[in-house]
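Please keep the sequence and the coordinates open while reading.

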Amino acid sequence: MRLQLAKKMKINEAKAYVAEKLGVSLEELCDIVTMSEKREELGLGLAHVEPCAGANAGMEAKFRIQELLGIKINSVERFKERAGLK
Amino acid sequence: MSEQKKFFTRMGDGSIVHMTEEEIRADIKEGIEDAVRRGKIDPLTAEETEYLYEIVTMPGNFVGVTPGMEVVSSNDSGSDKISTKCGIPTSRDTNAMIHERVLGADSVDIGYSDYNYKTVKGVAKREATILKQALGRCTMPLFYGAMPNLGFYTKPDGPVDNWAVLLPEGKIQEAMAAQEEAVDHAVRDIVYVAEQMNDVGADGFMLDTSGAAGDADFLVSLKATEIMREKFPDMPIEIGMAGEFVLGMHGKLKYNGQRLAGLYPHKQVKLVEEAGASIFGVVVNTNCNKSFPWNIARVCTFVKACTAVAEIPVHANAGMGVCGIPMCENLPADVVSRADKALIEIGKIDGL
């Protein structure tokens with residue numbers, strides 16, 4: 001979804017792009033077990049798995065998603081401006 | 001002689017119907033032919049037609065896509081449905097988190113219960129506050145969304161004369177002028193709301209049910225998108241349509257030289273691209289008096305023609321009364337899942 005918004009990529013191109021950035025296969029990209037572990041490992045947002053006190057969610061996860069995917073996320077950029085980070 | 005086997009399916013209004021193989025195949029053929037005739041587009045191939053028959057008749061209440069063909073989802077008034085439609089007293093930022101962490105949505109929009117930009121204009125900063133709260137807590141992309149809804153700009157509630165009153169009186173020029181004036185008001189309102197949403201960092205901006213009031217309504221979305229792309233380049237835009245065919249309530253309006261009245265999805269998407277949107281929400285109407293096989297065959301023919309020429313992602317608006325989904329409030333998963341599978345595997349959509 002992020003790639004469709006940011007780079008207007010169609011679904012297959014977007015999946016291939018994300019899979020490559022995450023270092024997973026296309027099959028793994030759609031697999032809940034693989035992706036739960038990958039999201040936890042990379043801090044990409046996993047707020048629905050208990051215990052989640054240490055898991056990233058929301059803005060902290062979006063910072064990492066922006067960097068990992070090499071895209072600009074409007075909410076992250078606005079947060080940086082308001083927090084004096086840029 | 002034994003009775004022919006009949007398959008469970010539904011009519012476009014959701015009512016149950018049992019059809020033979022011969023009847024289903026005949027309806028699929030008719031649905032394709034209807035789309036070809038109206039849209040002047042290519043029919044589905046023999047293989048696609050056969051696969052569509054398999055999807056319609058495959059066993060199981062619920063069917064799914066072939067692994068690897070999963071797509072993403074966007075919504076209209078998504079975050080508001082839990083409170084406004086279901087009556088659950090939750091705030092919209094909470095609703096957004098429920099969509100993300102409970103329902104598994106890929107994105108959702110924050111939208112006002114009166115889902116149109118004219119109404120939102122007066123409370124835009126307050127709406128932006130809700131979006132800001134949600135953006136801080138959600139990981140998935142969050143849109144702000146509403147409809148252009150050009151009809152709201154007519155008297156007595158709005159500033160311009162009502163073209164639906166003028167037209168039956170034969171006041172054609174006055175009706176056209178009223179629509180042109182309304183376009184300016186609506187574009188201004190949308191851009192104003194967009195500015196508030198961009199200020200809090202909206203991940204996306206949704207122009208939903210575009211063209212609901214005809215060609216002038218569609219023109220609003222295109223013009224507003226063009227301006228927003230220039231002013232807020234980091235806030236992507238999705239334009240979702242109201243119907244398969246742009247009604248010529250004005251009849252002479254053009255965008256970049258292309259007359260808007262009468263455009264079908266495969267031509268609508270090209271204008272949406274020119275305006276600068278990131279995602280196009282395709283719509284094909286459901287005919288309540290026809291069967292699901294007829295409707296979904298027609299839908300897939302239109303949608304395939306659209307995705308074939310689209311250079312941006314296409315999300316099918318698969319809700320009540322559009323894209324093969326029956327026109328009823330409580331949607332039956334049997335035909336909804338079949339419609340989704342057909343849209344993805346035959347229509348080649350990028351999202352729902």
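**A helix pair in chain B**

The axes of helix α1 (residues 21-39) of chain B and helix α11 (residues 292-309) of chain B cross at roughly 40° and come within 7 Å, where axes are lines fitted to C-alpha atoms, for helices over the stretch in contact, and angles run from 0 to 180 degrees between N-to-C directions. Helices (H or I, at least four residues) and strands (E, at least two) are DSSP runs, numbered from the N terminus. α1(B) and α11(B) are therefore oblique to each other, given that angles under 35 degrees count as roughly parallel, over 145 as roughly antiparallel, 65 to 115 as roughly perpendicular and the rest as oblique. The crossing of α1(B) and α11(B) is right-handed, the term for a near helix turned clockwise from the far one by less than a right angle, with anticlockwise giving left-handed.

On the α1(B) side, the residues that meet α11(B) include Ile24(B), Ile28(B), Ile32(B) and Ala35(B), while those on the α11(B) side include Trp294(B), Arg298(B), Thr301(B) and Phe302(B). Contact here requires C-beta atoms, placed from the backbone, to lie within 7 Å. By class, this contact has 10 nonpolar, four polar and four charged residues, with Ala, Val, Leu, Ile, Met, Phe, Trp, Tyr, Cys and Pro counted as nonpolar, Asp, Glu, Lys and Arg as charged, and the others, Gly among them, as polar.

**Basis of the model**

This is a predicted model, in which local features need pLDDT of at least 70 and side-chain atom pairs count only at pLDDT 80 or more, whereas totals for chains, interfaces and linings use all residues. Residues are numbered from 1 along each chain as its sequence is written, and chains are lettered from A and ligands numbered from 1 in the order in which they are written.

**The two chains overall**

The secondary structure of chain B comes to 12 helices and 10 strands, and its C-alpha trace spans about 70 × 50 × 35 Å along the principal axes. With 352 residues, a compact globule would have a radius of gyration near 20 Å, and the 21 Å of chain B agrees with this; the radius is taken over C-alpha atoms, and the globule rule is 2.2 Å times the number of residues to the power 0.38. Of these 352 residues, 55% count as buried, a term for 20 or more other C-beta atoms within 10 Å of a residue's own, with 12 or fewer making it exposed and values in between partly exposed. Among the contacts in chain B with a separation of 6 or more, 75% join residues 24 or more positions apart.

Chain A has six helices and zero strands, and its C-alpha trace spans about 40 × 35 × 15 Å along the principal axes. Of the 86 residues of chain A, 29% count as buried, and residues 24 or more positions apart account for 18% of its contacts with a separation of 6 or more.

**Buried sites in chain A**

Leu46(A) is found in the loop between α4 (32-42) and α5 of chain A, and it counts as buried because it has 22 C-beta neighbours inside 10 Å. Not counting residues up to four places away in sequence, Leu46(A) touches Ser36(A), Arg39(A), Glu40(A), Cys52(A) and Ala55(A). The C-alpha atoms of Leu46(A) and Ser36(A), 10 residues apart along the chain, are separated by 7.2 Å.

In helix α6 (residues 74-82) of chain A, the buried residues are Asn74(A), Ser75(A), Val76(A) and Phe79(A). They pack against α5 (59-69) of chain A together with α6 (124-137) of chain B.

**Contact between the chains**

In the interface, 29 residues of chain B are in contact with 27 residues of chain A. α6(B) gives the most to the side of chain B that touches chain A, with three residues, and by class that side has 14 nonpolar, eight polar and seven charged residues.

Conventions: Two residues are in contact if their C-beta atoms, placed from the backbone, lie within 7 Å.
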